[in-house]
Amino acid sequence: MHVSSNDAYAAPVTPPAVLTLQHGLLWLMGMGGAIVFIEPSPYEIFTLTAVVVFAASGLRMQLSFMPLALLLFAINLGYSICAAWLLDQKPIVYWILTSWYMAITALFIAMVVSEETETRLRYLRSGLIAGAVIASLAGIAGYLRLAPGEMFTLYGRAAGTFKDPNVFGAFLVLPALFCLQSVVSDGLGRTLRSTVLLGIITLALLLAFSRAAWGLLALTSAFMLLLMVLTSQSYRQRSRIIVMAIAAVIVVAMVLVILLQFDFIRDMFQQRASFDQQYDEGRFGRFGRHLLGAQMALDLPLGIGPLQFSKFFPEDTHNSYLNAFMSGGWIAGVCYPALVFTTAWIGFRYIFIRTPWQRPYLAVFSAYLGTVGEAFIIDTDHWRHFWLMLGLVWGMVVATQRYVATAQHRSALQTEKDASTMGWQPR
């Protein structure tokens with residue numbers, strides 16, 4: 001790998017055969033991220049292969065990624081230090097290795113999409129949608145008892161090709177946003193195809209009965225559509241987005257009404273939609289544990305180590321920021337939210353800059369920001385798609401910085417050329 005600054009950056013010429021292999025691996029990474037109920041998952045296999053292929057073909061480590069790399073290193077250093085006395089336990093070792101692996105994938109994705117951004121995003125996006133549809137069909141089939149036994153379900157909820165319905169539902173949000181963008185802004189053919197895909201993904205997400213995923217989809221969809229309206233370049237485009245968004249809401253409401261006519265769906269929906277959940281309430285409920293855990297974090301600079309919280313309380317933290325303190329002490333406890341919220345702040349600054357990849361950027365940033373909020377009520381720190389989104393945000397931000405710098409440089413050269421043609425030099 002090379003290290004380059006943005007000013008000195010020049011993309012290497014890649015042979016067509018290598019390009020085809022790179023693009024295929026990106027598609028497979030996106031698709032493989034949806035199949036994680038087996039270990040190792042296809043995502044791991046395709047990602048590790050992609051790391052080797054991209055590194056061998058000249059992937060560059062730019063100085064712009066040093067803050068990301070340092071924060072990722074600090075977080076995992078904190079985890080490793082606090083787990084030192086627990087490394088005789090295989091689950092702890094696996095947890096630590098997984099954390100380091102997630103950090104590497106985030107940095108790798110950032111480096112990859114900072115080059116040939118539009119093309120590489122297209123393949124990754126297509127793979128994500130394909131994977132989401134596969135997982136959704138599996139979840140729907142499992143819920144409708146079309147698959148043997150409890151395959152693709154858990155606790156009567158659709159889990160698809162995931163081990164947990166909550167993670168399954170959260171994963172589907174970004175592909176759903178990609179499809180929604182196509183529905184409200186593409187031509188007729190793509191709109192119809194995306195409508196079908198969005199319907200499949202949304203139905204599966206509903207049958208996962210994850211309150212967090214429901215809220216995540218609703219809020220991120222509204223936020224993304226608002227950004228699309230604000231960044232649209234014409235009144236006609238803005239009007240279409242608004243009209244199609246209203247139509248989508250009406251269709252979803254009608255489908256929901258129809259589904260609620262079935263007793264087995266209505267009963268589960270009423271149970272999951274209730275805010276009166278026993279595991280959320282009381283001194284040792286979800287939010288009670290957050291307060292008690294926060295008090296512990298202040299008194300324990302080295303935390304208690306990974307996977308130890310449930311030995312003090314009835315359940316896990318269900319809060320990624322608290323878990324960083326508990327699992328990695330003050331080092332990870334400070335650096336993890338620093339990374340997460342710095343990424344959100346930097347990402348927000350580039351929302352309104354027009355680039356060829358602005359549309360997918362709005363979807364990724366919306367899904368990432370929603371997951372940052374969801375991390376207050378659930379553990380997201382080992383979700384593959386979370387680190388994928390974090391890496392995508394960094395990669396697109398760096399690509400946008402270079403895009404703006406290149407445009408400004410060309411404008412300055414054109415001004416100088418025009419001035420020279422007119423026979424005078426600008427001051």
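Begin the tour by selecting F365, which counts as buried at 1% relative accessibility. This is a predicted model, and the protein chain has a mean pLDDT of 86, with 89% of its residues reaching 70 or more.

The structure holds 18 aromatic pairs. A pair of aromatic rings is described by the distance of the centres and the angle of the planes. For Y143 and F209, the ring centres are 5.8 Å apart and the planes lie at 45°, so this pair is tilted. Select both residues and follow the chain between them: Y143 belongs to helix 5 (residues 117-143), while F209 sits in the loop between helix 7 (188-207) and helix 8 (211-231). The pair thus links distant parts of the chain, 66 residues apart. Y143 and F209 are both buried.

Return now to Y361 and F365. Their ring centres are 6.2 Å apart with the planes at 10°, so the pair is stacked.

Finally, select residues 1-10, over which pLDDT stays under 50. For this stretch the model has 25 contacts beyond four places in sequence.

Technical notes. Residues are numbered from 1 along each chain as its sequence is written. This is a predicted model: local features need pLDDT of at least 70, side-chain atom pairs count only at pLDDT 80 or more; totals for chains, interfaces and linings use all residues. Side-chain values use heavy atoms; hydrogens and water are left out. pLDDT is the predictor's confidence in each residue, from 0 to 100. Contact means heavy atoms within 4.5 Å. Rings of Phe, Tyr and Trp (its six-membered ring) pair if their centres lie within 6.5 Å; planes under 30 degrees apart count as stacked, over 60 as edge-to-face and the rest as tilted. Helices (H or I, at least four residues) and strands (E, at least two) are DSSP runs, numbered from the N terminus. Buried means under 20% relative accessible area, exposed over 50%, partly exposed in between (1.4 Å probe, protein chains only).
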